[in-house]
Amino acid sequence: MSQLPPTLEALLERNPPTDEAWAAFAREYTALLMHVARSTSRGRDEAMDAYAYLLERLSRDGCQKLRSYMADPRSKFTTWLVVVSRRICIDHHRARYGRMRNEESRSERERLGLRRRLEDLDDSAEFEDTIADESIDSAAVEIERRELTNELACLRKELEPSDRLLIALRFDDGLPASEIATILRMPSQFHVYRRLNAVLEDMRRRLKARGYENAAS
């Protein structure tokens, strides 16, 4: 029995696919693809442009990109589709607008991203208080911050693909739980929070095991 979603299976059974099969596929996943386009864009016009480009890329060469999908019982097709679609939209944005040249803005974004992760991985204010304490050597604080950032990056790479995407949507893109539930086809925003809490708690335990005592709640 095929593990492919019915609309995807119908789309790929012919090469090139029929117009009817593509229209059915696009209708089913339009909400998800629009969420991806919005999350990687600044403003409605840019999001619509990204969405149109995304549809063009997914349908190109007889839906070659979609044909590269291999069913995996450990993750959903929608998870794979979001990952691939995000990559397409980001590449499109970079090709059209170029990479950000303002290093200060990039640094600020990284700082805010780190702070969000710290707020979720550390329930106490101890680590933040240490950063704010002017009596602490700033170079040592910077080293500690970088080490923690590197450890968090390593932990994220070790997560299951669906959990990596969950973390990215919440902390990198800043999407609310209700939108994440729609993108990942989760029953409700409460299921998003429940899974986030489980993943973050596991990351706390693993950080503690690696010597980061302040990461444990």
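Hi everyone. Let me start with a term: a residue counts as buried when its relative accessible area is under 20%. By that cut-off, 35% of the 217 residues in this protein are buried. Please keep in mind that we are looking at a predicted model.

So, the overall layout. The protein has 10 helices and 0 strands. Among contacts with a separation of 6 or more, 63% join residues 24 or more positions apart.

Now to the inside. In soluble globular proteins, nonpolar side chains tend to be buried together. Here, the largest nonpolar core holds 46 residues, and L8, L11, L33, L66, F77 and L81 have the most contacts inside it. Helices that each give at least two residues to this core include α1 (6-12), α2 (19-39), α3 (44-67) and α4 (77-97). Which helix supplies the largest share of the core? That is α2, with 8 residues.

Let's zoom in on L8. Beyond its neighbours within four places in sequence, L8 is in contact with F25, L66, Y69 and F77.

Finally, have a look at how α2 and α3 pack. Their axes lie 10 Å apart, at an angle of about 135°. Angles over 145 degrees would count as roughly antiparallel, so α2 is oblique to α3. The crossing is right-handed. On the α2 side, the contact residues include W22, F25, L33 and M34, while α3 brings, among others, Y51, L54, L58 and L66. How do the residues of this contact divide by type? There are 14 nonpolar, 2 polar and 1 charged.

Notes:
Residues are numbered from 1 along each chain as its sequence is written. This is a predicted model: local features need pLDDT of at least 70, side-chain atom pairs count only at pLDDT 80 or more; totals for chains, interfaces and linings use all residues. Side-chain values use heavy atoms; hydrogens and water are left out. A nonpolar core is a set of buried Ala, Val, Leu, Ile, Met, Phe, Trp, Tyr and Cys residues joined through side-chain atoms within 4.5 Å. Buried means under 20% relative accessible area, exposed over 50%, partly exposed in between (1.4 Å probe, protein chains only). Helices (H or I, at least four residues) and strands (E, at least two) are DSSP runs, numbered from the N terminus. Contact means heavy atoms within 4.5 Å. Axes are lines fitted to C-alpha atoms, for helices over the stretch in contact, and angles run from 0 to 180 degrees between N-to-C directions. Angles under 35 degrees count as roughly parallel, over 145 as roughly antiparallel, 65 to 115 as roughly perpendicular and the rest as oblique. A crossing is left-handed if the near helix is turned anticlockwise from the far one by less than a right angle, and right-handed if clockwise. Ala, Val, Leu, Ile, Met, Phe, Trp, Tyr, Cys and Pro count as nonpolar, Asp, Glu, Lys and Arg as charged, and the others, Gly among them, as polar.
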